[in-house]
Amino acid sequence: MQKNSHTMSRRFFVTSFERYLLLLLVPMLLFSSLIIWIVKGRVTSLIEDNTQSLFSLSSLSLEDLFDEMLQTKIFIESKADVHISLFQVLDEDNPSTEALASLEQLSRYQATILNSKYYIHSLYIGKTGAPYVIVNGERKKEKEMIDQGWYESIASHDKKLNTWIEARTIKQYTFEEKGVPVISIYQKTMYNEVIVVNLYQNYFSTLLDSIAHVGKEALWVSDGKGKILFENRDSSLLSDSLKASTYTQSLALKTKGMKRGDYYLTSLKMEKYDLRFISLIPNKLIYATPQILLNVTLFVAIITTILSMLLALMFTRKNYLQVSKIVTIFEKNLQEKMLLDLDRKGSNAYFYILESATKMFVNNATLKAELAEHQYELLSAKFAALQYQINPHFIFNTLQAIDLEILKATGKPVQANKIVSQFANIMRYSLGNPTTLVPLRQEITMARTYIAMNQYRIGNRFQVIWDYEEEECDEIPVIRLIFQPLIENAISHALPPEERLTLVRIRIHKRGQYLQVSVVDNGLGIPADRLAALREGLESNTTPQEKQVGLKNVNNRLILQYDETCHLKVYSILGHGTGIFFRIGIGTEVPTESLSSD
């Protein structure tokens with residue numbers, strides 16, 4: 001006993017500890033999981049979307065800058081006189097005065113652009129095969145120009161392209177060694193003149209540094225062949241192999257952004273100029289905020305877990321000591337024959353439970369002793385009753401003796417013999433095993449016998465009409481004696497005092513897996529208060545009136561044998577009759593129970 005109590009106490013300690021730990025940890029774990037999910041999913045997604053949005057704005061700013069360089073082309077194409085004069089200025093050695101005047105107008109326009117756009121190195125207007133070129137508004141011979149690279153680019157470039165951009169180096173003087181790095185924007189007019197706008201490359205590098213929205217963000221722009229046109233300071237620190245592989249990766253990029261190794265890659269193609277704007281941001285920078293949130297969440301989760309374990313241990317130990325004390329008291333009571341050793345210093349709920357449980361223990365032991373004595377007396381009474389029990393065979397033998405005496409007295413079978421025979425059959429049927437199902441045909445036969453016996457007693461004041469399909473329903477097994485109490489109820493409560501025929505219609509029809517049964521009479525009906533009491537008695541487990549015992553018995557047996565949906569439903573209108581409805585579950589067929597005498 002002591003070993004079992006120790007095992008039980010130890011199990012109680014472990015179970016209580018686990019329960020307290022779960023109650024404290026589950027909300028914390030759920031909250032931490034929610035925070036981690038938000039940080040890893042929503043916050044990270046917002047940061048990536050924000051990065052992509054800023055990158056898109058930067059690329060649009062760059063594209064707008066390129067579009068501004070189209071102003072000279074628009075000026076030339078919008079003024080027919082300037083355009084016509086341009087042919088003479090580029091192709092002829094001695095252009096007309098009108099052509100030179102138009103050139104002067106174009107020169108003033110270009111001067112305005114050069115003075116307002118400090119990042120423009122120079123402006124060329126030329127034509128393939130033409131001997132002259134307009135440089136910053138002045139006409140020069142093409143052969144005298146030190147910068148010949150732009151002319152070679154026009155000759156070698158795809159003739160289908162009207163606009164393209166390339167990185168070059170321009171030398172203004174022959175003694176220059178390195179020259180000035182520029183970005184050249186080539187534009188073809190509708191009459192095949194070529195306008196070249198040379199922009200300082202370092203301006204674009206500075207521009208990329210200014211639009212970088214995250215520290216250490218590498219930005220660069222590559223042409224359609226992957227050649228870098230210009231880049232910011234952080235991009236120049238990256239290796240050429242990394243930038244080359246990044247460019248290849250950006251070509252297959254389906255979304256605007258993705259993780260690539262230690263970087264977050266964003267790329268956008270500028271279709272008009274066949275350029276690709278690329279951004280690489282170190283992951284540790286772009287995901288710095290989510291990582292801090294995750295670290296804080298994990299730290300709080302660990303601290304909370306430790307505190308939860310300490311609190312769970314404290315609460316469990318406190319309850320364990322109380323329960324262990326209760327178990328010890330019970331052990332003493334069991335071993336020392338009801339020795340109540342209560343420590344009344346306690347004043348908490350455990351002491352109240354301990355005192356109440358001990359008193360219940362004493363009372364229970366007393367009740368057990370009294371119950372054992374009562375059971376002994378009841379068993380003695382049963383033995384005595386069995387000694388005087390009348391054997392059912394004695395009843396049937398007595399009925400047979402009465403039947404023979406009637407035959408001897410009358411010399412032939414009379415009505416009394418028939419009544420005795422029917423009564424014997426009903427007795428044998430009712431004394432059969434109540435758990436044995438019988439075919440519906442047999443139950444109806446016994447009900448008809450019961451009706452016939454009642455007609456001997458009260459005459460033909462009532463008539464029962466059966467409505468069912470014999471072939472369909474005859475062999476369906478049902479519980480015995482379900483119709484007799486219902487017919488008895490109709491006879492007892494439905495017959496009017498005057499000599500008026502009462503009809504009882506019993507209808508049975510098959511519907512799915514049930515037999516639907518209704519017993520309806522046109523008798524006196526039931527008053528509303530009695531009907532309510534009857535329904536209440538059927539729904540609860542009470543019997544409000546002794547005369548309703550038969551209905552209650554049928555209702556209980558239907559529910560026990562089948563299910564709750566098979567209970568009796570009673571409807572009645574005072575002065576018009578009563579209807580009882582129920583259904584019977586259809587099971588497998590059973591053999592007909594023999595009614596022969598034993």
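How many aromatic pairs does the structure hold? It holds 10, where rings of Phe, Tyr and Trp (its six-membered ring) pair if their centres lie within 6.5 Å.

This is a predicted model, in which local features need pLDDT of at least 70, side-chain atom pairs count only at pLDDT 80 or more, and totals for chains, interfaces and linings use all residues. Residues are numbered from 1 along each chain as its sequence is written, and side-chain values use heavy atoms, with hydrogens and water left out.

**Stop 1: an aromatic pair**

Select Y124 and W150. Their rings sit 5.3 Å apart, centre to centre, with 55° between the planes. That pair is tilted; planes under 30 degrees apart count as stacked, over 60 as edge-to-face and the rest as tilted. Y124 lies in strand β1 and W150 in helix α5, so the pair ties together parts 26 residues apart in sequence. Helices (H or I, at least four residues) and strands (E, at least two) are DSSP runs, numbered from the N terminus.

**Stop 2: the sheet**

Now show the strands. Six of them form an open sheet in the order β3-β2-β1-β6-β5-β4, with antiparallel pairing. Strands pair if DSSP finds at least two bridges between them. At the edges are β3 (138-141) and β4 (163-170), each pairing on one side only. From one strand to the next, the twist averages 25°.

Select 120-127 and 193-200. These are β1 and β6, paired in the antiparallel sense over seven bridges. Find I120: its bridge partner in β6 is L199.

Next, select 149-156. This is α5, which lies across β1, β2 (132-135), β4, β5 (180-188) and β6. Helix α5 runs at about 150° to β4; angles run from 0 to 180 degrees between N-to-C directions, along axes fitted to C-alpha atoms.

**Stop 3: helices on α4**

Select α3 (residues 80-91) and α4 (residues 97-116). Their axes come within 8 Å and cross at roughly 110°. That makes α3 roughly perpendicular to α4, a term for angles of 65 to 115 degrees. Contact means heavy atoms within 4.5 Å. On the α3 side, the residues that meet α4 include V82, L86 and V89; on the α4 side, they include A99, L103 and L106.

The α2 and α4 axes come within 11 Å and cross at roughly 160°. The two helices are therefore roughly antiparallel to each other, the term for angles over 145 degrees. Q71, T72, F75 and I76 in α2 meet Q105, L106, Y109, Q110 and I113 in α4.

Methods
Parallel < 35°, antiparallel > 145°, perpendicular 65-115°, else oblique.
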